[in-house]
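Dear colleague,

Please find the structure below for your review. A short account of the findings follows it.

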Amino acid sequence: MTWITAQTDTTFNPGDQLRTGTNGLAIVFMEDAATMVRMRASSTLEFLPKQSDGPIATLFRGAIYFFSRGQKEEPTIRTHHGTAAHQG
C-alpha cells in the first residue's frame, strides 16, 4: 500500500484509508458537513461505501471521536474491539 500525505480539502472515497502518525491528529468533516471525526495519534480508519443503515467506516487501530449536529442516530463504526460512550 502506498501512503500519501493528506492536505486540507482532501476528498476520501470508499476504500480509502486515513492514518495518523505517532504525534498526529486528523479532523475529517463528513459529506453532510454536520458530522466531524477527530482521529488521535497512531490511528487507522477506512471509509466504507455509503449504505442506508450500515457502518460508515472501519477503525483498525487507535481512537476516534465523532461529533454531529445533523443526524439523530449515531454513526456505526466497525472495529475489532473498543469502548464507546454517548455524551450529551
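Residues are called buried under 20% relative accessible area, exposed over 50% and partly exposed in between (1.4 Å probe, protein chains only). Arg-69 is exposed, because its relative accessible area is 72%.

The model is predicted, so local features need pLDDT of at least 70 and side-chain atom pairs count only at pLDDT 80 or more, while totals for chains, interfaces and linings use all residues. Residues are numbered from 1 along each chain as its sequence is written, and side-chain values use heavy atoms, with hydrogens and water left out.

Arg-69 sits in the loop between strand 6 (64-68) and strand 7; strands are DSSP runs of E, at least two residues long, numbered from the N terminus. Between Arg-69 and Ala-34 there are 5.3 Å in space, C-alpha to C-alpha, although they are 35 residues apart in sequence.

Four strands form an open sheet in the order 1-4-5-7, with mixed pairing; two strands pair if DSSP finds at least two bridges between them. Strand 1 (17-19) and strand 7 (77-79) are the edge strands, each pairing on one side only. Strand 1 runs antiparallel to strand 4 (residues 44-47), and three bridges join them. Leu-18 has Leu-45 in strand 4 as its bridge partner.

Phe-47 is buried, because its relative accessibility is 8%, whereas Phe-12 is partly exposed, at 25% relative accessible area.

Yours sincerely
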